[in-house]
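User: I'm new to reading protein structures. Could you take me through one, feature by feature?

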Amino acid sequence: MSSRKRTDDTPEILPPRSDRGRHVFNDENLDMLAHVLDDWLRIPGTSIRFGVDAIIGLVPGIGDVLGGLASCILLLAAWFRGVPYITLVRMAVNIGIEVLVGSVPLLGDAFDVAWKANRRNYKLLVRHVEQPRHHTWKDWAFLLTLVAAILTVFALPLIVLAWVLVWLLRYHAGS
């Protein structure tokens, strides 16, 4: 073996990374995950479907958090597949809404059955795979509406506080 130094400027070709785990995030497995989490079971005599996410959401305190963690598998798969950040944010918001609203006793469990964040996120992932770099106005409208709602939630207490302070100052100034 000679220890000659390379003199040309050709790039070094590295062997591919291991394919281990690649099959875990294939479309079939992710669709099955969304199905099991959101619409695996049906209430007899109705068209209402629910999944494991709604069942574990019944456990007070930790159920919705565990469901949210399971939902993050789709988010992680989307990230590995190179889904654009706006879509990843939308997927994370879907999970956040499901966890936050789902944590409200009884009403939140009904919301979990209706919202189906995992189905929504799987559809977003598939849309990216079928139409890469395609964002609809709905993505932006969804995020802008969310930002407006969050700003409103934070602004309302400040507005009420300012109103109370003005009222108190007027009340004490008149005394």
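Analyst: Start with burial. A residue is buried under 20% relative accessible area, exposed over 50%, and partly exposed in between, using a 1.4 Å probe and protein chains only. Take Arg119: its relative accessible area is 17%, so Arg119 is buried. This is a predicted model, where local features need pLDDT of at least 70, side-chain atom pairs count only at pLDDT 80 or more, and totals for chains, interfaces and linings use all residues. Residues are numbered from 1 along each chain as its sequence is written, and side-chain values use heavy atoms, with hydrogens and water left out.

User: What share of the 175 residues is buried?

Analyst: Buried residues make up 29% of them. The protein exposes about 12700 Å², with 69% supplied by carbon and sulfur atoms. Such areas come from the Shrake-Rupley method with a 1.4 Å probe; for residues, only the protein chains shown count as cover.

User: How many helices and strands are there?

Analyst: Helices (H or I, at least four residues) and strands (E, at least two) are DSSP runs, numbered from the N terminus. Here there are seven helices and two strands. Along the sequence the pattern reads α-β-β-α-α-α-α-α-α.

User: How do I read a salt bridge?

Analyst: Side chains of opposite charge can pair when their charged atoms come close. The rule asks for a side-chain nitrogen of Lys or Arg within 4 Å of a carboxyl oxygen of Asp or Glu. By this rule the protein has three salt bridges.

User: Which residue pairs with Asp27?

Analyst: Arg81 does, with the closest N and O atoms 2.7 Å apart. This pair links distant parts of the chain: Asp27 is in helix 1, Arg81 is in the loop between helix 3 and helix 4, and they are 54 residues apart. Asp27 is partly exposed at 32%. Arg81, at 29%, is partly exposed too.

User: And Arg119?

Analyst: Arg119 meets Asp31 in a salt bridge, at 2.8 Å from N to O. Asp31 lies in helix 1 and Arg119 in helix 6, so the pair ties together parts that are 88 residues apart in sequence. Arg119 also forms a salt bridge with Asp39, the closest N and O atoms being 3.4 Å apart. Asp39 sits in the loop between helix 1 and strand 1 (41–42), 80 residues from Arg119. Shared partners join Asp31, Asp39 and Arg119 into one network.

User: Is helix 6 mostly covered or uncovered?

Analyst: Mostly covered: 10 of its 14 residues are buried. Among them are Tyr122, Leu124 and His128. The cover includes helix 1 (27–38), helix 3 (63–80) and helix 7 (137–174). That cover is judged by contact, which means heavy atoms within 4.5 Å.

User: Why does the length of helix 6 make sense?

Analyst: The expected span is 1.5 Å times one less than the number of residues. For the 14 residues of helix 6 (117–130) that should be 20 Å, and the end C-alpha atoms are 20 Å apart, which agrees.

User: What about a charge without a partner?

Analyst: Look at Asp109, in helix 5 (residues 107–115). Lys and Arg count as positive, Asp and Glu as negative; His and the chain ends are not counted. Asp109 is buried yet has no salt bridge, and the nearest side chain of opposite charge, Lys116, is 13 Å away. Asp109 touches Gly57, Leu58, Gly102 and Val104, not counting residues up to four places away in sequence.
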